[in-house]
Amino acid sequence: MGSSLTDTDKIVATRPLPYFWPAVLILALAACMLVLFATSGQGIGVSPDSVFYLEGAENLRAGRGYTSRQPGNVYAPITHWPPGYSFALTASSFGGEVLDAARRLNALLFALNVLLAGVIIRRLGGRDWAGLLAAALVATAPPMIELHTTAWSEPLFFTLALGACACLASFRRNGRWAPLLLSAFLAGLSVVVRFAGAALVAAMLLALIAMLGSQSQFLLKRRLKAAAFTLVALVPMSAWLISRGSGAAGASRKIGFLGLPTGQHLSDAAHSMSVWLLPDEVPSWLRGGLLIVVALLALAVCVQVGRGLVRGWRNARPTDPADSALRFIVLFAVCYAGLVVGSVVFLDPEIVFDSRTLSPLYVCSALAAPLPAATQRNRRAVAAIAAAIMAMTIAGAARSALAASAVNRDGLWLNSRAWRQSPIIARLNALPANTLVFTNQIAAVRFLTKCDVLATPPVLTTNRPDGGPPKVHPEYALRMRKVLQTVTSRGGAVATFHAPEWYYGLSEEAQTGLLAAQVPAAALDELAAIAQGGDLVEARNFEEGSFYVYAPPQMTR
C-alpha cells in the first residue's frame with residue numbers, strides 16, 4: 001500500500017520474457033545467414049585495408065610472420081594495422097583460402113555480436129525485453145551489414161569488446177577475480193585487433209575504479225584489483241610491440257600537433273550518423289532534423305548519466321543495474337570520441353569520419369537505446385520508447401536486406417564484379433608473375449594480380465592555397481619520366497585508372513560521369529606523350545584508364 005506503481009506497471013518493468021532465448025538466437029542466426037547470403041555471390045568485400053589483413057594472414061600461415069610482400073620478394077613487417085584480425089583469419093582458415101575464412105569468420109562474429117548485445121543488456125539492464133531490443137538493433141543496422149560483409153577487423157573488435165563487458169558485468173555481480181582478469185585480457189586483445197581498443201581499456205578501468213568505490217575499507221584490495229586489470233590488459237599489446245622490436249618503432253608515425261578537426265570532419269560525421277537513421281535518398285534536411293532531435297535526447301541522457309557517475313564515484317554503486325550499464329556505455333563513447341579526435345590532431349588530419357570510423361558509437365547507441373526505458377516505471381513511457389526502437393528495427397531490416405542483395409549481386413570494393421571485369425586488370429594478369437607495375441591503384445593491383453606493385457606520382461594537387469579545385473600536379477611530368485626510366489630499364493608496365501577504389505562499389509547510376517572527373521584530360525595527354533619513349537611494347541586506352549607495357553633491355557654478356 002502507498003506505492004505509486006500500479007500492478008500493470010510492475011509487470012511491464014520486471015516480467016521476464018519466456019521467449020527471450022529463442023528470439024535472440026533466431027536474430028543471431030538470421031544475422032549470420034544474411035552475411036553468408038550477401039557474400040555468396042561475389043565473395044566478401046575487400047577494401048585497401050583488407051588487402052593487408054588478408055596478405056598478413058597468408059604470410060602468417062606460410063611462416064613468414066605478419067608481413068607484406070614488397071617488390072623483389074622482400075617481406076616487410078606490417079605495422080600500420082594491428083595483427084589480431086589476421087591471426088584470427090589464419091586460425092580459422094583450416095588450410096583453405098583466407099578470403100573464404102574471412103567470409104565464414106565475419107558471419108560467425110555477426111551472430112556472436114547480436115547474441116552478446118542481447119545478453120549484456122538483459123543482464124545489466126535487468127529486463128529481458130531491453131536485451132531483445134538491443135539485439136534487434138544490432139542485427140538489423142545497415143552499417144553493421146557493411147562492416148560484417150567486408151574483410152575488416154571491426155566485427156572481431158566488437159566481439160572482444162562485448163565479451164569484455166560481459167565479464168566485467170559478471171565481476172560486478174560476484175566480485176571474483178576470474179571474470180575481472182578475463183575482461184582485462186579480452187580488452188587487451190581488442191587493442192591488438194584495433195588500436196581503438198585503447199578507448200575500451202580506458203573506459204573499463206575508469207568504470208572499475210568507480211565500481212570499487214573510494215571507501216577506506218579493503219582499499220588495498222581494491223587498488224590491487226585495478227592494478228591487476230591494467231597489467232593484464234597491457235599484456236597482448238606489449239607482446240606484439242616487443243615482437244615487432246625496432247621495426248615497428250621505426251615504421252610508426254611521428255607524433256606532433258597537426259591541427260584541430262575541421263568543418264569537413266563535422267560534416268562527414270553528421271552525414272554518417274544521419275544515414276544510420278534514414279537512407280541517403282531521404283532529403284538531407286529531414287535526416288539532419290531527425291539527427292538533431294536524437295542528438296539533443298542523447299545529450300540530455302549524457303548529462304543525467306554524468307551527474308550519476310559523479311555521485312557514484314564519490315560514494316557507492318547505483319541502485320539500478322541499468323544505470324550502471326548506461327554510465328559505462330556513455331563513458332566508452334566519450335573515450336572513443338576523444339581517441340578519434342586525438343588521432344586527427346596528433347597523427348592523421350585526413351582521417352575521415354565515415355560510418356566505419358564511427359561504428360563503435362553506433363554500437364553504443366544500439367546498446368544504450370533500450371536502457372532509459374528499462375529504468376522507467378511508467379507504462380506509457382516504456383511503450384513509447386519500445387515502439388520507436390521497433391520502428392527503427394523494422395526500417396533497418398528492410399534497408400539491410402536491400403543492401404545484402406546488392407552486395408550479393410555486385411560485390412563490394414575491390415572484390416566487386418566491376419573490378420574483376422576490368423580490362424586493365426585482365427591485361428596485367430596476362431603478364432608474367434612478379435612483373436613490375438607502377439599504378440595509382442596499388443591495393444587493387446596488389447589484390448587482383450600477381451604483379452610487383454609500386455605507386456605512380458600523384459596526378460592532382462591537393463590543399464591549394466587559393467582554395468580552388470585540384471589541378472594537374474606541376475611536377476607530374478618530371479616524376480612520371482623518372483618512373484618510365486625505371487620501367488624501361490627493368491621491364492614492366494604502367495597502369496593508370498581514372499577512378500578511386502570506391503568507384504567500383506557504386507551503382508551504375510552513381511558511376512555516370514565519375515570516370516572523366518577523376519583524372520583531367522591534360523594529365524592523360526601528358527602521360528600518353530611521355531609514355532611513347534623507351535621500348536614500348538603495348539599501349540592501350542580504355543574507358544577506365546590507360547595501360548602501357550615496356551620490354552626489358554637485352555642482357556649483354
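Mentor: Patches are made of residues with over 30% relative accessible area and no salt bridge, nonpolar side chains (Val, Leu, Ile, Met, Phe, Trp, Tyr) being joined within 5 Å and like charges within 9 Å. Areas come from the Shrake-Rupley method with a 1.4 Å probe, and for residues only the protein chains shown count as cover. A salt bridge is a side-chain nitrogen of Lys or Arg within 4 Å of a carboxyl oxygen of Asp or Glu. This is a predicted model, in which local features need pLDDT of at least 70 and side-chain atom pairs count only at pLDDT 80 or more, while totals for chains, interfaces and linings use all residues. Residues are numbered from 1 along each chain as its sequence is written, and side-chain values use heavy atoms, leaving out hydrogens and water.

Trainee: Which residues make the nonpolar surface patch?
Mentor: W177, L181 and L224 make it, with an area of about 250 Å². L181 belongs to helix α9 (residues 177–193); helices are DSSP runs of H or I with at least four residues, strands are runs of E with at least two, and both are numbered from the N terminus.

Trainee: What lies over the face of W177?
Mentor: K225 does, at 5.9 Å from the ring centre. The rule asks for NZ of Lys or CZ of Arg within 6 Å of the ring centre and within 35 degrees of the ring normal.

Trainee: Changing topic, how many salt bridges are there?
Mentor: The count is 9. One of them joins R61 and E58 at 3.1 Å, N to O; these two residues are 3 apart in helix α3, so about one helical turn separates them. R122 also forms one with D128, with the closest N and O atoms 2.8 Å apart.

Trainee: Is D128 buried or exposed?
Mentor: D128 is buried at 9% relative accessibility, whereas R122 is partly exposed at 25%. Buried means under 20% relative accessible area, exposed over 50%, and partly exposed in between (1.4 Å probe, protein chains only).

Trainee: And D410, what is its partner?
Mentor: R409, with the closest N and O atoms 3.1 Å apart. Elsewhere, salt bridges that share partners link D49, E154, R194 and R356 in one network.

Trainee: Where does P143 sit?
Mentor: P143 is in helix α7 (residues 142–148) and is buried, at 7% relative accessible area.
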